[in-house]
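Welcome! Take a moment to look over the chain below, and then we will walk through it together.

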Amino acid sequence: MKLYYSPGACSLAAHIALREAAVTFDAIKVGRDKKTSDGADYNAINPKGYVPALVLDDGQVLTEGPAILQYIADRNPSSGLAPPASDMQRYRLQEWLGFLNSEVHKNFSPFFNPAATEPMKEMARANVLRRLSFTQQALTGRSFLLGERFTVADAYLFTILNWGQYAGIDLGQWPALKALHARVAARPHVQAAMKAEGLSG
Ligand SMILES: N[C@@H](CCC(=O)N[C@@H](CS)C(=O)NCC(=O)O)C(=O)O
């Protein structure tokens with residue numbers, strides 16, 4: 001299995017999930033020029049052009065973070081990274097993944113886009129603040145998004161929270177989010193993923 005990633009991008013969530021699930025995989029870096037660290041044209045592998053992409057052992061290419069995260073969790077059920085499909089908690093997981101993907105993650109995009117104007121960034125920042133305030137409220141009194149168990153949604157939220165610095169957003173205003181970030185950052189597989197992506201010593 002191969003994970004195509006860019007350091008610190010949303011692909012970090014899938015990278016964490018693969019390590020948490022003890023999957024054997026190769027992590028292949030994609031540069032801004034869409035060339036991969038093993039010399040390929042990333043657009044030929046994933047015509048969408050963005051990370052993450054997971055190339056399965058049978059050669060299929062799976063894209064879209066929430067699908068990749070659930071694939072990794074479902075193929076490795078003993079990891080406990082997602083509740084089983086029949087469980088109401090699974091819909092709660094999907095609710096979080098959808099919210100994080102379209103309502104939080106995408107509002108960070110202007111901060112990584114040199115063409116984004118200040119008004120665009122201001123609008124996006126206001127959306128991020130509102131949605132992270134909601135997340136702070138939902139997290140109060142629990143260790144992780146679904147309760148006391150770490151899931152792929154927490155890997156995704158952790159990844160997004162790392163971007164606060166680029167948007168001038170201080171996590172200190174949300175104690176429950178700050179605590180979740182620290183809790184996830186302390187996990188050995190998270191530290192290994194960060195180190196492998198060159199994000200920490
Ligand atoms: N809908 C996609 C979005 C992925 C995405 O936004 N990837 C960003 C990094 S976080 C990227 O590769 N951007 C570079 C580009 O679009 O060329 C998903 O959820 O997987």
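How many helices and strands does the chain have? This is a predicted model, and its chain has eight helices and four strands. Starting from the N terminus, the elements follow the order β-α-β-α-β-β-α-α-α-α-α-α.

Now for the overall shape. The C-alpha trace spans about 45 × 40 × 35 Å along its principal axes. The radius of gyration is 16 Å, which agrees with the value near 17 Å that a compact globule of 201 residues would have. Of those 201 residues, 31% are buried. If you take the contacts with a separation of 6 or more, 61% of them come from residues 24 or more positions apart.

Next, let's visit some loops.

Why does A22 count as exposed? A22 has 10 C-beta neighbours inside 10 Å, and exposed means 12 or fewer, so A22 falls in that class. E64 has 15 other C-beta atoms within 10 Å, so E64 is partly exposed.

One more loop deserves a visit. Which residue does a cis peptide bond join to V51? The partner is P52, and omega of this bond is about 0°. You can find P52 in the loop between helix 2 (42-45) and strand 3 (53-55).

Notes: Residues are numbered from 1 along each chain as its sequence is written. This is a predicted model: local features need pLDDT of at least 70, side-chain atom pairs count only at pLDDT 80 or more; totals for chains, interfaces and linings use all residues. Helices (H or I, at least four residues) and strands (E, at least two) are DSSP runs, numbered from the N terminus. A residue is buried if 20 or more other C-beta atoms lie within 10 Å of its own, exposed if 12 or fewer, and partly exposed in between; C-beta atoms are placed from the backbone. The radius of gyration is taken over C-alpha atoms; the globule rule is 2.2 Å times the number of residues to the power 0.38. Two residues are in contact if their C-beta atoms, placed from the backbone, lie within 7 Å.
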